[in-house]
Amino acid sequence: MTVTAGWYLALAAVIFVIGAGGMLLRRNALVMFMSVELMLNAANLSFVAAGRQLGLLDGQAAVFFVMVVAAAEVVVGLAIIVAVFRRRATASVDELSGLKG
Amino acid sequence: MVELVLFVIFALAALLGAVTTVWARNPVYSALGLMLTLFSVAVFYVSNGAHFVAAVQVIVYAGAVMTLFLFVIMLVGVDRSEDRRENLPVQRPLALALLALFGAGVLVAGRFVWVTGEEFPGAAIGTVERLGSDLFRRWVLPFELTALLLIIAAAGAIALGMFRRGEEGGGEDEDEEGAA
């Protein structure tokens with residue numbers, strides 16, 4: 001039995017679904033952020049697996065750019081979480097209802 | 001054969017890490033589970049021939065990003081237990097149903113050739129030379145834009161860390177985010 005790209009794509013789909021589940025079900029901003037990272041990694045894995053199947057390097061270049069954007073997103077997002085925590089002393093997104101009408 | 005064994009072991013590790021990330025009550029355990037998943041994905045990169053990307057994954061994600069996460073977890077505090085009550089009435093069942101639907105959709109769509117493409121025999125090995133010549137020839141403009149993006153992100157993190165409620169524009173605060 002050889003491991004085809006389809007196996008990797010299926011695994012990436014499952015990891016993506018778990019990450020999306022964390023995004024939808026958790027209320028801790030940090031855990032939600034980690035779920036975003038899970039989804040990004042699942043997308044990266046499918047990029048690499050598809051690139052291998054097609055015999056192209058473009059998938060790996062795409063992964064490179066996704067990683068850079070993810071790093072920037074983590075830096076700004078964690079800074080926002082820390083700034084919110086300083087003002088409201090909470091990391092739960094349910095308690096951040098200041099814009100509620 | 002080797003790839004099959006590696007796939008099974010690290011697929012289980014990746015799924016365990018992902019479930020731990022979402023399920024654990026303590027954010028530190030979530031971070032450790034995420035780290036397990038990141039390392040497993042790095043192994044998958046290697047077995048798919050993406051050697052340079054695997055190295056970047058270990059250094060950037062498992063190194064820098066996870067350190068940043070752990071810093072912020074310690075800063076925000078891990079001892080306060082998260083309130084697990086759900087305020088929206090049908091949020092949880094609806095979310096689980098949507099997830100099942102989405103997962104089934106992706107898994108079914110992955111079986112069609114118009115989604116995954118035809119299979120070619122030659123695998124592209126992502127060494128530093130080949131990926132670098134690709135990045136600096138075909139993708140040189142996006143590559144430069146990523147540099148700009150990182151500078152903007154670092155500056156934004158420092159700006160977010162500097163402003164406080166009382167003193168607008170105070171400058172001597174600590175900013176862990178900017179150092180990354």
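## Domains of chain B

Into which domains is chain B divided? Chain B splits into domain 1 (1–79) and domain 2 (139–166 + 175–180), with bounds that come from an automatic or database domain assignment. The C-alpha centres of domain 1 and domain 2 of chain B lie 24 Å apart.

A word on the model: it is predicted, so local features need pLDDT of at least 70 and side-chain atom pairs count only at pLDDT 80 or more, while totals for chains, interfaces and linings use all residues. Residues are numbered from 1 along each chain as its sequence is written, and chains are lettered from A and ligands numbered from 1 in the order in which they are written.

## Two helices in chain B

Take helix H2 (residues 27–47) and helix H3 (residues 51–76) of chain B: they pack at about 175°, with axes 8 Å apart. Helices here are DSSP runs (H or I, at least four residues), numbered from the N terminus. Axes are lines fitted to C-alpha atoms over the stretch in contact, and angles run from 0 to 180 degrees between N-to-C directions. H2(B) and H3(B) are therefore roughly antiparallel (an angle over 145 degrees).

Residues making this contact (C-beta atoms, placed from the backbone, within 7 Å) include Leu38(B) and Phe39(B) of H2(B), and Tyr61(B) and Phe69(B) of H3(B). By type, they come to 20 nonpolar, two polar and no charged. Ala, Val, Leu, Ile, Met, Phe, Trp, Tyr, Cys and Pro count as nonpolar, Asp, Glu, Lys and Arg as charged, and the others, Gly among them, as polar.

## Where the chains meet

Between the chains, 66 residues of chain A touch 70 residues of chain B. On chain A's side, H3(A) gives the largest share, 22 residues.

Notes. Angles under 35 degrees count as roughly parallel, over 145 as roughly antiparallel, 65 to 115 as roughly perpendicular and the rest as oblique. Two residues are in contact if their C-beta atoms, placed from the backbone, lie within 7 Å.
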